[in-house]
Amino acid sequence: MHIGGYQMEDLGYGVEVREYEAGWSFFLQGDDADRFREEWEMWQEIVGNDFRDFLSSNEYDTLFQ
């Protein structure tokens, strides 16, 4: 899924998020990936589709390398 300047790919066993401009990315697996999916789904229902705001508000943006 492409959202703004990001790509999120759900691989089943994990989630990979890439930021296009800087080329940064992070990968979550297991319980962390499940929590990420659940939080993103809830965010979309309550707040909206601003992926950058979601990453920042939940401090996932600190995982980019």
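Predicted model: local features only at pLDDT ≥ 70, side-chain atom pairs only at ≥ 80, totals over all residues.
Residues are numbered from 1 along each chain as its sequence is written, and side-chain values use heavy atoms, with hydrogens and water left out.

Helix α1 comprises 17 residues, 30-46, and reaches 25 Å from its first C-alpha to its last, close to the 24 Å expected at 1.5 Å a residue, where the expected span is 1.5 Å times one less than the number of residues. Helices (H or I, at least four residues) and strands (E, at least two) are DSSP runs, numbered from the N terminus. The buried residues of α1 are A33, F36, W40 and W43; because they cover an arc of only 90° around the axis, they fall on the same side of α1, the arc being that of the directions from the helix axis to the C-beta atoms. Buried here means under 20% relative accessible area, exposed over 50%, and partly exposed in between (1.4 Å probe, protein chains only). The cover over these buried residues includes the strands β1 (2-3), β2 (6-10), β3 (14-19) and β4 (25-29), together with α2 (51-57), contact meaning heavy atoms within 4.5 Å. On the other side of α1, D31, E38, E45 and I46 are exposed. The helix is followed by G48, whose phi is positive, near 145°.

The structure holds four salt bridges, each defined as a side-chain nitrogen of Lys or Arg within 4 Å of a carboxyl oxygen of Asp or Glu. Within α1, R35 pairs with D32, the closest N and O atoms being 2.7 Å apart, and these two residues are three apart, about one turn of the helix. R37 likewise forms a salt bridge with D34, with closest N and O atoms 2.7 Å apart, and D10, D34 and R37 are linked in a network of salt bridges. D34 is partly exposed, at 37% relative accessible area, and its C-alpha atom is separated by 8.0 Å from that of G14, 20 residues apart along the chain. Another salt bridge joins E16 to R18, the closest N and O atoms being 3.0 Å apart.

A nonpolar surface patch of about 300 Å² is made by L11, Y13 and F27. L11 is found in the loop between β2 and β3 and is partly exposed, with a relative accessible area of 31%. Patches are made of residues with over 30% relative accessible area and no salt bridge, like charges being joined within 9 Å and nonpolar side chains (Val, Leu, Ile, Met, Phe, Trp, Tyr) within 5 Å.

Notes. Areas by Shrake-Rupley, 256 points an atom, 1.4 Å probe, with all protein chains shown as cover.
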